[in-house]
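Biologist: I've got a model open and I'd like to learn how to read it. Could you walk me through a few features?

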Amino acid sequence: MIYTCYEMIRDCRAGRAEGWRFFIASYVPVIRKLLAHYQPGGQVDQAALERVLVAVHRPESALFQSLEPSPERWFVAQLRQEVLEQLPADAPATAIDLETVAAALEPLTLVEKQVAWLETMLYQPAETGILLRMAPSTAEKIRGKVADLIRGKVDSWSGTILSENGRSLGREAVTAAGADCLPPKTFLDMLDGRTTWQGRGELERHVTRCWHCIDHFCRLVEVVEVLRGNQALSDVEAAPFCELLGVPTGTPPAWKRWLAGRAG
Ligand SMILES: [Zn+2]
């Protein structure tokens, strides 16, 4: 029988050890990958990893609250938000808000806007190329166009203005949801090649205008990449994290094994 992400969410919410053991084994590697990308300097800091685990383990954590059957990728997209919450963010040299970005980039196509958004998510042109399946040189060219448009809208521009403002832009995009916004399933079908934007004019028109949906889509694209080849932790690797959260591991604690060893 396969233990699903939905069952894990249910068990974690109910505080069952098997849910938390599965979460730790499967998603600590995911948290590490996200930290490696988003942490300044690209170092996975153990303290940040532990902060994320402690934060999502709290009863008030939003991560396990949804009663909807949650596809794994949507769950990981939410987990990514929790990871970012635990990382310090420097104030940008020049602040830019979503409204200004939206106005500046209005003339761009949907794909060009996705390239711009991945820049706020700290991806380099080569990585953007992989994520959006385009040549790195194409991503680079689009980023030049994006820079020109932004430069025309702000008093003081720098090449890092989008990446420096990424965190606050991301937060704004999340709260910008409207009644017409697309459900995760629509994006997931698109990523799985089951549907395309073509021939779905209404849908494409909405997403092209909606930064909430562009953010949502880009985060799911990121999740697909982060989950690629994900390797679960072994019991031994997972043990310290289970201990951190007070989750029974099913094997006797070290001191009992030590005592048993002495008795023998
Ligand atoms: Zn939308």
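This is a predicted model: local features need pLDDT of at least 70, side-chain atom pairs count only at pLDDT 80 or more; totals for chains, interfaces and linings use all residues.

Biologist: Fine. Let's start with a single helix. How do I tell which way its residues point?

Modeller: The general idea is that an α-helix has 3.6 residues a turn, so residues three or four places apart point the same way. Now try it on helix α14, residues 235-245.

Biologist: Which residues of α14 are buried?

Modeller: They are Ala238, Phe241, Cys242 and Leu245. Look down the axis of α14 and these buried residues fall within an arc of 110°, so they line one face of the helix. Val236 and Glu243, on the other side of α14, are exposed.

Biologist: What covers the buried residues of α14?

Modeller: The cover includes α2 (17-38) and α3 (46-57). While you're there, step just past the end of α14: Gly246 takes a positive phi of about 70°.

Biologist: You brought up α2 and α3. How do I describe a pair of helices?

Modeller: Two packed helices are described by the angle between their axes and the distance between the axes. For α2 and α3, the angle is about 135° and the axes are 10 Å apart. Angles of 65 to 115 degrees count as roughly perpendicular and those over 145 as roughly antiparallel, so α2 is oblique to α3.

Biologist: Is the crossing of α2 and α3 left-handed or right-handed?

Modeller: Right-handed.

Biologist: And which residues of α2 and α3 meet?

Modeller: From α2 you have Trp20, Phe23, Val28, Ile31, Arg32 and Leu35; their partners in α3 are Ala48, Leu49, Val52, Leu53, Val56 and His57. Sort that contact by class and you get ten nonpolar residues, one polar and one charged.

Biologist: Let me try another pair. At what angle do helix α6 and helix α8 pack?

Modeller: About 85°, with 9 Å between the axes of α6 (residues 110-120) and α8 (residues 136-151). These two helices are therefore roughly perpendicular to each other.

Biologist: Which residues make the contact of α6 with α8?

Modeller: Glu112, Val115, Ala116 and Glu119 come from α6, and they meet Ala139, Ile142, Arg143, Lys145 and Val146 of α8. This contact has five nonpolar and four charged residues, and no polar ones.

Biologist: How about α10 and α13: how do their axes cross?

Modeller: Helix α10 (residues 166-175) and helix α13 (residues 211-227) cross at roughly 115°, and their axes come within 7 Å. That makes α10 roughly perpendicular to α13. The crossing is left-handed.

Biologist: Which residues of α10 and α13 meet there?

Modeller: Gly170, Ala173 and Val174 in α10 are in contact with Trp211, His212, Asp215 and Arg219 in α13. By class, three are nonpolar, two polar and two charged.

Biologist: OK, on to the loops. You pointed out a positive phi at Gly246. Which residue has a positive phi although it is not a glycine?

Modeller: Leu122 is one, with a phi of about 65°. Look for Leu122 in the loop between α6 and α7 (125-132). Its relative accessibility is 32%, so Leu122 counts as partly exposed.

Modeller: Arg133 is another non-glycine with a positive phi, about 55°. You'll find Arg133 in the loop between α7 and α8. At 72% relative accessibility, Arg133 counts as exposed.

Biologist: Last topic: residues apart in sequence. How far apart in space are Ala91 and Glu164?

Modeller: Their C-alpha atoms are 7.6 Å apart, while 73 residues separate them in sequence. Ala91 sits in the loop between α4 (72-85) and α5 (98-104). With a relative accessibility of 70%, Ala91 counts as exposed.

Biologist: And Cys12: buried or exposed?

Modeller: Buried, with a relative accessible area of 5%. Cys12 belongs to helix α1 (residues 5-13). Leave aside its neighbours within four places in sequence, and Cys12 is in contact with Gly19, Trp20, Phe23 and Phe64. From Cys12 to Phe23 is eleven residues in sequence and 8.1 Å in space, C-alpha to C-alpha.

Definitions and conventions. Residues are numbered from 1 along each chain as its sequence is written. Side-chain values use heavy atoms; hydrogens and water are left out. Buried means under 20% relative accessible area, exposed over 50%, partly exposed in between (1.4 Å probe, protein chains only). Helices (H or I, at least four residues) and strands (E, at least two) are DSSP runs, numbered from the N terminus. The arc is that of the directions from the helix axis to the C-beta atoms. Contact means heavy atoms within 4.5 Å. Axes are lines fitted to C-alpha atoms, for helices over the stretch in contact, and angles run from 0 to 180 degrees between N-to-C directions. Angles under 35 degrees count as roughly parallel, over 145 as roughly antiparallel, 65 to 115 as roughly perpendicular and the rest as oblique. A crossing is left-handed if the near helix is turned anticlockwise from the far one by less than a right angle, and right-handed if clockwise. Ala, Val, Leu, Ile, Met, Phe, Trp, Tyr, Cys and Pro count as nonpolar, Asp, Glu, Lys and Arg as charged, and the others, Gly among them, as polar.
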